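Have a look at the structure first, then work along.

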Amino acid sequence: MLKLSELKFPADIETLPGGFWAAVDVWIKKPHVVNKRLCGVTEGGNGGAEALELLLAGRGSSLGDLTATEEESHRSSSVRTFIPKVSLYGGTRRKELVLRDFGRHHVTFVPFEEDSEGNVCLKEGNIYQLQLVLQDCEEWVLELLVLTPDAWFSDGVAYPKLTWLSTDLLPKLVRWAAECKSSEFRSTLSLLPVEKYSLVYQRLKRKYKDMVKVWPEVTDPEKFVYEDVAIATYLLVLWDEERAEEGLTAMQSFVDLGCGNGLLVHILTSEGHPGKGIDVRRRKIWDMYGPQTLLEEKAITPSEGFLFPGTDWLIGNHSDELTPWIPVIAARSSSSCRFFVLPCCFFDFYGKYQRRQSKKTQYKEYIDFIAEVGRACGFNTEDDCLRIPSTKRVCLVGKSRNYPPCDEEEAERRRVGFLRSRQTKGTDGTPGGSWGAGFQPRDRVEAVRNCAALPRDFVDGVVLQVAHFLLGMTEDGGEGSSGDWNRGVEGGTVSIRDWRDVKSHKRKPVAPDALKTHPCWFHDHHPQRCPLQVERCTFAHGPADLRPSTKPPKKRNKSFVFAHPP
């Protein structure tokens, strides 16, 4: 093995060598967090591994040594199969034999390809090793070693470039090893076959990508379209697996409670699942889906009037105040009704959720609360992490009950007891027409929570007043001391950003042909003008510096564009 590169750990690091193995474990099990061209890997099974080890043993000492160690108890091996985001390899699978040597603190990756008939082809030129070394008994170093660098092959997916391993992977491993944090939640897609998910996601993404172009709402189309495509993919694969496990042929039915823009309902319906969505407020995009997508505008109040005895699954996708009620409604709808919820905002049954444990993050505590609700309602509740562009990615799935059908009466008593334990004055959790009394549904008219409805001149005036106030609080009255650009309050918690400190402005100057369509706030309003030179500022320093576009304007969502405001 030839050393290609090395990276030193921080001098005060205290997490090694355990942190090294924790970091390596992330790279082995979740390479997609670094290599964005991968959807993930599947592990387990020694398909091709035995044949590969025999092949290695017969290729001379340099390769045979990879599979031989002094202490078998200090060694482990596994096989991982790469799943690219876009199918590239036909029937041939790209795999790696992963050899961990805990005694010598190194892990070796031996790539090979296996065809549909089980024939194995060793990719000898791409064998590499990650090794943790303690230099001079005082300094930890992470080394990248390669068997034959000159023979390295790269396709950018299963076989990344050597420079990428050095400049991208090694720094990530060092950071992960230093942090050595275990996640509060499961790995992504832990309840599903990742390869099937990848194939379905790519198909749906191609099928529904044009929704981005015609999105009529003020929300970000790319975020919402691709997020709902990912959630729909998860549910479709989950349900397909359920049909296979249970021997079912009929497509599962569903009701999406608090369906919002209705896109998830539209996709699931278009893919063959009968169902509908209900929301308190109609959206403009509903008219675009067509009559086959069933969407109802009505307020949902947990009660006997909102049970769904003929429905297989209840869905709560960012359903806010309805989230804790969905397991209750599912349990009381029928003994076979299941649920899927993706919590976002933190609500209890009758209002905002109040934190009780400071040792957990608020998000983790709330996820645990919804899981507790599911169990109290009689479900075997599992959590999983979705692959969506959101920080709130943990879903909860109730696929089965934790009691036999004959104990339904006792299960209902436990539900009532749990609801009463969460009730506020004047509420009751017993079955009947008003068991959700005290529940506050959201308003039909959406309240404005930001500056979107305020006149632009008013917003600009407030920004200017705040900036002048901050600048005036310095000892020099806002003029700045000699040689210094005035940021405003010194030593406080509020100050004006100096854009010379932002990385993007430390790079090359703005291109001569780059557009400058908005005036620079600092040039126009700061006593010392903009801290950036005109050739490095992306906003116009005066009317003569404006470079408007000659193309006709595109239709845009209503939003404000601030010229690097204070």
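A definition to start: two strands pair if DSSP finds at least two bridges between them. Strands (E, at least two residues) and helices (H or I, at least four) are DSSP runs, numbered from the N terminus. The model is predicted, so local features need pLDDT of at least 70, side-chain atom pairs count only at pLDDT 80 or more, and totals for chains, interfaces and linings use all residues. Residue numbers start from 1 along each chain as its sequence is written, and side-chain values use heavy atoms, with hydrogens and water left out.

**Exercise 1.** Work out which strands β3 is joined to, and how they run.

*Solution.* Start with β2 (residues 38–43): five bridges join it to β3, and the two run antiparallel. Finally, check burial (under 20% relative accessible area, 1.4 Å probe, protein chains only). In β3 (residues 75–84), eight of the 10 residues are buried, so the strand is largely enclosed by the rest of the structure.

**Exercise 2.** Describe how α1 and α4 cross, and what their contact is made of.

*Solution.* First, the geometry: the axes (lines fitted to C-alpha atoms over the stretch in contact, angles from 0 to 180 degrees between N-to-C directions) of α1 (residues 18–29) and α4 (residues 162–179) come within 8 Å and cross at roughly 130 degrees. Now the contact (heavy atoms within 4.5 Å): G19, F20, A23, V24, V26 and W27 in α1 meet W164, L169, L173, W176 and A177 in α4.

Technical notes
Buried < 20%, exposed > 50% of the residue type's maximum accessible area, 1.4 Å probe, protein only.
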